[in-house]
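Please open the structure in a viewer and keep the selection tool at hand.

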Amino acid sequence: MRTAWVTDDTYITYRVVDNFLQGYGLTWNTDERVQAYTHPLWLFLILSFQFMTREAYATGIVLSIAVSLAALALLAFRVARSTNAAMLGLLTLLLSRAFVDFATCGLENPLTNLLLALFMLACLRTPHDVRRFFLLCVVGGLGILTRADFTLLVVPVLVVAAVGLPKRAALKAALAAFLPVFAWEAFSLVYYGSLVPNTAYAKLNTGIQRSELVIQGAHYLLESLKRDPLTLGVIACGIAVPFVTGRKNLVRIALGIAAYLAYVVWIGGDFMSGRFLTPPLFAAVSVLSQFRFESRRVVWPASAAVVVMGLLPG
């Protein structure tokens, strides 16, 4: 539990949950309706457990750990193509400072990782048909309700998955799958008077020139590279390897990872080192786990590189 912590941003969610449980609604201040959180699905998950425990701090940490472990288990036992690939993937994530730092912090990162694992499972282990497309849209929609920028990770996969399917059937599947997203946006518009959280206006409309934000976004990545080289190194591999090997089913995932990383730079990064890098990291590990690593000439050097990069002082 040495690395278990709760970030200050989490207490925004905890306060909204506490107000709701006291009968004031999903509000930050009891007398006005403002959406101060960006992860409605994660908020409702916390709310359901806090309703039973009536305690915030330990509940959030235990729930975050449980969801993170579920994501790791799904990656190891269902997504990875071999035992070696699973072990290497787990080693990577457990030595990633970004992944470990945000596995317990009370933010939505654990749920994002779990949904990514489910999305990768549907993407890589189900036949190309309307049912698969529906499953991908369902998980993608839940990811969007967890964090809106999840969209960037899944859109390339969804677009390719829709190709070749009967148009009417694909449209019906997509509309049915995204019903929770539509329902939430309708609720948000009526309840809060806005389709997006107020934090989106605060963070994305700062008046700062885009060029300065991009420079700051580049600094965000450079700081992460200095503090946690394993995370960005694996993300880079997760983008490059599918193109080098010509694995078309993985290229679409790599495109989503690249788009997400570009978005992080575009908005200027974040004030919490590594927070926005855990989703592309988990996706990159899922991509790399599709290679079996059966040869010792490959798995041992790869493992050694992961350990060395993971243990470098930051």
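Helices, as named in this tour, are DSSP runs (H or I) of at least four residues, numbered from the N terminus. The model is a predicted one.

Select V196, which is placed in the loop between α10 (179-191) and α11 (198-204). Because its relative accessible area is 35%, V196 is partly exposed.

**Next stop: the nonpolar core.** Select I253 and I257. Among the 89 residues of the largest nonpolar core, these two touch the most other members. Helix α6 (residues 109-125) supplies the largest share of this core, with eleven residues. Which residues does I253 touch, leaving aside those up to four places away in sequence? They are M120, C123, L124, V157 and V287.

**Next stop: T104.** Move to the loop between α5 (97-101) and α6, where T104 lies. T104 counts as buried because its relative accessibility is 7%, and the cut-off for buried is under 20%. A polar atom of the T104 side chain lies 3.3 Å from the backbone nitrogen of W5.

Select R275 in the loop between α14 (248-266) and α15 (278-288). Is R275 buried or exposed? With a relative accessibility of 3%, R275 counts as buried. Display its surroundings next: not counting residues up to four places away in sequence, R275 touches D9, F102, L107, E108, N109, R147, Y220 and D270.

Notes: Residues are numbered from 1 along each chain as its sequence is written. This is a predicted model: local features need pLDDT of at least 70, side-chain atom pairs count only at pLDDT 80 or more; totals for chains, interfaces and linings use all residues. Side-chain values use heavy atoms; hydrogens and water are left out. A nonpolar core is a set of buried Ala, Val, Leu, Ile, Met, Phe, Trp, Tyr and Cys residues joined through side-chain atoms within 4.5 Å. Buried means under 20% relative accessible area, exposed over 50%, partly exposed in between (1.4 Å probe, protein chains only). Helices (H or I, at least four residues) and strands (E, at least two) are DSSP runs, numbered from the N terminus. Contact means heavy atoms within 4.5 Å. A polar contact is a pair of N or O atoms within 3.5 Å; within protein, one must be able to donate a hydrogen and the other to accept it, and residues adjacent in sequence count only if both atoms are side-chain atoms.
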